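Please view the sequence and the structure below before reading on.

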Amino acid sequence: MRKPVITGITRAGGTSTLAAALHTIDGGLLAPGTPGEADVLVCRSDEQSLRQAATLACAPAGHRPVLVLAGIAQGIPTPTVPAGRFAAVVALPHVRRWFGGDARAEAAAVLAYPPERLPPDVRGYAAALHRIVSALVGSGQLHRAVPPLVSRPVTTALWRGLRPAELAVPRLAPVRNGPAEPDDEALESEPARVVA
């Protein structure tokens with residue numbers, strides 16, 4: 001069984017913290033317009049991030065990545081995500097004490113303790129980690145040589161009266177080899193030659 005690859009869809013989504021907590025490979029940020037491989041995709045739970053998650057293109061057949069919605073505050077319902085696009089969707093609660101700092105060292109120790117010994121705000125995080133692991137193991141994708149392929153399309157700003165911008169295509173003059181051929185007007189203005 002190989003180590004899972006955890007990749008972020010949006011910046012500051014907690015990808016590195018989650019990778020440290022699960023002792024997996026941090027795949028960094030999935031850049032727009034480039035394909036990548038990911039067992040777990042991490043995105044924030046705000047509306048814009050969810051829209052980006054909905055535009056992801058996954059391989060047409062085979063295993064799908066697990067989507068982790070990071071930073072869900074306690075008592076807030078999990079946002080809906082299109083069904084069938086991901087192997088599972090797991091809500092990862094917000095841990096206030098980790099916000100704004102590097103929490104990777106503390107996150108890496110979460111699974112080493114029984115839940116009753118963890119602070120209350122970290123217990124929910126530990127439970128979500130168990131759900132992520134269960135989804136990964138249950139999917140069977142860790143027995144494959146490579147993670148599922150995903151790509152994030154390039155988004156362009158569409159404004160200009162809500163019409164697509166037209167691309168200017170330069171017109172190139174034809175390339176001629178040798179001396180230039182005279183045009184019709186020049187030929188007609190020359191006197192006729194008499195051949196004997």
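A residue is termed buried when its relative accessible area is under 20%, exposed when over 50%, and partly exposed in between, with a 1.4 Å probe and protein chains only. By that criterion, buried residues account for 32% of the 196 residues in the protein chain. The model is predicted: local features need pLDDT of at least 70, side-chain atom pairs count only at pLDDT 80 or more, and totals for chains, interfaces and linings use all residues. Residues are numbered from 1 along each chain as its sequence is written, and side-chain values use heavy atoms, leaving out hydrogens and water.

**Secondary structure**
- The protein chain contains 5 helices and 8 strands, where helices (H or I, at least four residues) and strands (E, at least two) are DSSP runs numbered from the N terminus.
- Along the sequence, their pattern is β-α-β-β-β-α-β-β-β-α-α-β-α.

**The sheet**
- An open sheet with parallel pairing is formed by 5 strands in the order β2-β1-β4-β6-β7; two strands pair if DSSP finds at least two bridges between them.
- Because β2 (25-29) and β7 (88-93) stand at the edges with a single partner strand each, one side of each has no neighbour in the sheet.
- Strand β6 (residues 66-72) pairs with β7 in the parallel sense over 6 bridges, and Leu69 stands opposite Ala91 in β7.

**Helix packing**
- Helix α2 (residues 47-54) packs on the sheet and touches β4 (40-44) and β6; contact means heavy atoms within 4.5 Å.
- Helix α4 (residues 120-139) also packs on the sheet, touching β4, β6 and β7.

Definitions and conventions:
Axes fitted to C-alpha atoms, helices over the stretch in contact; angles between N-to-C directions.
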